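Hi,

Here's the structure I promised to pass on to you. Have a look at it first, and then read my notes on its salt bridges below.

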Amino acid sequence: MESRRMLVVGAHSADFVWRAAGAIAKHTAAGGEARVVSLSYGERGESGELWKVPGQTVENVKKHRHAEATEAAEAVGASFESLDLGDYPLEVDAVGVTALAEIMRDYKPHVVLTHADKDPFNPDHPVAYTVVAKARLLTAGAVVDAGFRTAPPSEFLAFEPHQPELCGFTPSVFVDITEVFEQKKTAMSAMKAQSYLQQYYAERADHRGNHARKVTGNKEIRQAEAFMRFVPNVVGAL
């Protein structure tokens, strides 16, 4: 049986850790494959701790961020790579979109996770959504015969923004990450350039765990991650 493939695309190298590390860990623990792609390293706008070092350089920050993200991805059973397109602002041209589409055509993900399409506090996150949405559509080729390589359409979801109520984010899926929460904490601890976010996202997992318990009545759920579907999922029956 073919293993399910998950592709997680973030604007910056740490985005997947805070918002989807638990879902990735559950996916790989079940025998699935997971690949994380960042459009940038977040070297300018999201590496504050590293810029406190005297004489710091952009290239050195990128190296640190790559190492941190690779360690975090490995903690949840995924690979990591960055297209290194620059941040604040993240600006992606047709070449960048095509590069991501080629990754999708080669990898043929069953599920794609990325940012919501709105974020009043981060200029790069909506750009990432637009790039991923366009690359995904180009990859599928409108699901008709095309004169270029295509791949089957994937499930397509947003992971939770930092302030969901301001980003038009309404959860439609909760993933129970109780069994892998320690892996998520390990992944978060690897992101030393943004250590200030670790407590927030650990608490957020507890909050979403509470919500998931109310939805299911399953009192064994302690932590969860929230996602919002961009396209419907298809089932044989309800």
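E49 has 33% relative accessibility, so it counts as partly exposed (buried is under 20% relative accessible area, exposed over 50%, partly exposed in between, using a 1.4 Å probe and protein chains only). Its side chain meets that of K52 in a salt bridge, at 3.1 Å from N to O; the term means a side-chain nitrogen of Lys or Arg within 4 Å of a carboxyl oxygen of Asp or Glu. K52 is exposed, at 60%.

A quick note on the model: it's predicted, so local features need pLDDT of at least 70 and side-chain atom pairs count only at pLDDT 80 or more, while totals for chains, interfaces and linings use all residues. Residues are numbered from 1 along each chain as its sequence is written, and side-chain values use heavy atoms, leaving out hydrogens and water.

How many salt bridges are there in the whole structure? The search finds 15. One of them pairs E81 with R35, with the closest N and O atoms 2.6 Å apart. E81 sits in strand 3 (residues 79–82) and R35 in strand 2 (residues 33–38), so this pair ties together parts 46 residues apart in sequence. (Helices, H or I with at least four residues, and strands, E with at least two, are DSSP runs numbered from the N terminus.)

Then check out E102 and R149, whose side chains form a salt bridge at 2.8 Å, N to O. E102 is in helix 3 (residues 94–107), and R149 is 47 residues away in the loop between helix 4 (124–140) and strand 5 (155–159). Shared partners join E102, R105, D106 and R149 into one salt-bridge network.

Cheers
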